[in-house]
Amino acid sequence: MAEATSRGNGPLFGVNLNNREPLIAPDYQLPDLLNLAEKVEEYGFDSIWVGDSLFSKPRYEPMALMSAISQRTERVRMGTACLVTSIRNPLFTAMEWATLDVLSGGRTIFGPCMGSAEEGVRREFEALGLPFRDRATIFEEGLAVVNELWRTGTTNFKGTYFNYDNVSFHSGTEMAPLNPIQQPPPIWIVSNPRLLGDQPTDKMRRIMERACRRIIEYGDGWMTCCRATRPEELTEQIGYLTDAADELGRDWSDYTVSYQVTMNIGDSEEEARAAFDDYISKYYPELSQAMDLSNWGPVGTPETIAEWLREFHARGVDYFICRFGAIDQFGQVERFAKEILPMFESERVS
């Protein structure tokens with residue numbers, strides 16, 4: 001099994017398969033997405049990713065979908081970018097992900113998030129009877145439960161929302177506890193503190209410090225996105241992560257920095273920009289109104305895309321999760337594989 005991180009080497013590249021696309025593109029159905037998963041592996045990418053939301057941005061359920069992908073691929077890792085674990089019971093999350101890890105032969109990367117501050121996400125919490133304003137606490141408690149189960153096989157976690165007494169996936173009848181092959185699978189925790197804009201300095205500092213401590217305490221990596229025109233913010237948050245690692249007695253060099261970048265490859269910037277803006281406005285109707293679309297990622301020629309990737313890699317990104325803002329998913333994946341991946345081939349160690 002290949003290592004999940006490339007720290008110290010060139011960047012690794014995965015592809016987000018856009019599991020919302022079969023619901024919005026007339027000529028792209030679920031079997032096409034599974035066929036594309038095979039192509040991603042064939043082209044030499046390192047991983048496959050899918051997203052999540054309950055009903056605010058309808059899409060096919062990620063863990064069920066990755067179970068199918070695991071049976072169509074043999075080498076690539078697979079993960080969520082991201083799984084909104086704060087709206088899920090952590091016991092079910094731990095059991096379902098362990099099952100997926102076994103099905104895939106230990107190829108999963110767990111990418112949890114707490115849900116962004118969108119009106120649609122607020123409605124999802126309301127529908128489930130969960131307090132949106134306290135979603136960070138729910139998220140952290142769930143991460144603690146999942147970590148404890150995967151690392152020790154049992155949880156005795158006591159918190160505000162979850163309380164367990166000697167709970168494990170082992171009644172004594174089974175030969176062994178139900179566990180993932182990887183104990184635990186890599187956990188890359190999402191933090192995008194400026195997704196919907198900046199906050200006053202003191203408030204942003206508190207948000208950063210809490211998010212970075214959470215990543216260091218419960219994870220193996222940080223997953224971020226959506227500030228493509230602000231590379232200095234990546235450097236800033238890595239500083240907070242390094243401080244948190246020092247405070248908790250961890251080695252920051254053991255962690256992976258992953259960045260989900262949405263792009264469109266074209267023959268000119270104008271052509272790529274027009275296709276990208278049209279696609280994102282349909283894929284993320286609420287977020288596309290709230291954000292500067294240039295922050296989703298670079299658009300333009302292969303050389304323009306590669307320049308952006310090199311800038312963010314130089315600032316600390318080990319792993320790029322590439323998402324293509326285009327109706328023609330097959331064409332974009334092929335262009336990246338044939339025109340951009342070779343530019344990094346001498347640096348990559350998969």
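This is a predicted model: local features need pLDDT of at least 70, side-chain atom pairs count only at pLDDT 80 or more; totals for chains, interfaces and linings use all residues.
Good morning. Helices are runs of at least four residues that DSSP marks H or I, numbered from the N terminus.

I begin with the largest pocket, which has a volume of about 1,300 Å³. It is lined by 48 residues, and those closest to its centre are M114, G115, S116, A117 and R135. Which elements give two or more residues to this lining? They are helix 4, at residues 119-128, helix 5, helix 6, at residues 201-218, and strand 10. Helix 6 gives the most to the pocket lining, with six residues. By residue type, the lining of the largest pocket divides into 21 nonpolar, 13 polar and 14 charged residues.

I turn now to the cavities. The structure holds four cavities of 30 Å³ or more, and I shall speak about two of these. The largest cavity has a volume of about 110 Å³. Its lining consists of 16 residues, and W222, T224, R227, E233 and Q237 lie nearest the centre. Two elements give two or more residues to that lining: strand 10, at residues 221-225, and helix 7, at residues 231-247. The lining of the largest cavity is made up of eight nonpolar, four polar and four charged residues.

The second largest cavity contains about 50 Å³ of space. Its lining includes T85, S86, R88, P90 and T93, and also I138, F139, G142, L143 and V146. Helix 3, at residues 90-103, and helix 5, at residues 135-152, each supply at least two of the lining residues. Which of the elements has the largest share of this lining? Helix 5 does, with five residues. Five residues of the lining of the second largest cavity are nonpolar, four are polar and one is charged.

Let us return to helix 7, one of the elements that line the largest cavity. Helix 7 has 17 residues, which at 1.5 Å a residue should span 24 Å; the end C-alpha atoms are 25 Å apart, and the two values agree. Which residues of helix 7 are buried? They are P231, E233, L234, Q237, I238, L241, A244 and A245. These residues lie on the same side of helix 7, because they cover an arc of only 140° around its axis. The general principle is that an α-helix has 3.6 residues a turn, so residues three or four places apart point the same way. On the other side of helix 7, D246 and E247 are exposed.

How many disulfides does a search of the whole structure find? It finds two.

One of the disulfides joins C82 to C113, with an S to S distance of 2.2 Å. This pair links distant parts of the chain, 31 residues apart. C82 sits in the loop between strand 3, at residues 77-80, and strand 4, at residues 83-84, while C113 belongs to strand 6, at residues 112-113. The link of C82 and C113 is right-handed, with 75° about the S-S bond. Are these two cysteines buried or exposed? Here we need the cut-off: buried means under 20% relative accessible area. C82 has a relative accessible area of 18% and is therefore buried. C113, with a relative accessible area of 6%, is buried as well.

The other disulfide joins C225 to C226, again with an S to S distance of 2.2 Å. Is this disulfide right-handed or left-handed? The torsion about its S-S bond is about -80°, so the disulfide of C225 and C226 is left-handed. C225 and C226 are both buried. If the bonded cysteines of the chain are numbered in sequence order, the pairing is 1-2, 3-4.

C212 is buried, with a relative accessible area of 0%. C322 is in no disulfide, and the nearest cysteine sulfur, that of C225, is 13 Å away. C322 is likewise buried, with a relative accessible area of 0%.

Thank you for your attention.

Technical notes: Residues are numbered from 1 along each chain as its sequence is written. Side-chain values use heavy atoms; hydrogens and water are left out. On a 1 Å grid over the protein atoms alone, a cavity is a set of points where a 1.4 Å probe fits but cannot get out, and a pocket is an open set with protein on both sides within 12 Å along at least five of seven lines; lining residues have an atom within 4 Å of a point. Grid points are joined across faces, edges and corners, and a volume is the space filled by probe spheres set on the points. Ala, Val, Leu, Ile, Met, Phe, Trp, Tyr, Cys and Pro count as nonpolar, Asp, Glu, Lys and Arg as charged, and the others, Gly among them, as polar. A disulfide is a pair of cysteine sulfur atoms within 2.5 Å. Buried means under 20% relative accessible area, exposed over 50%, partly exposed in between (1.4 Å probe, protein chains only). The expected span of a helix is 1.5 Å times one less than its number of residues. The arc is that of the directions from the helix axis to the C-beta atoms.
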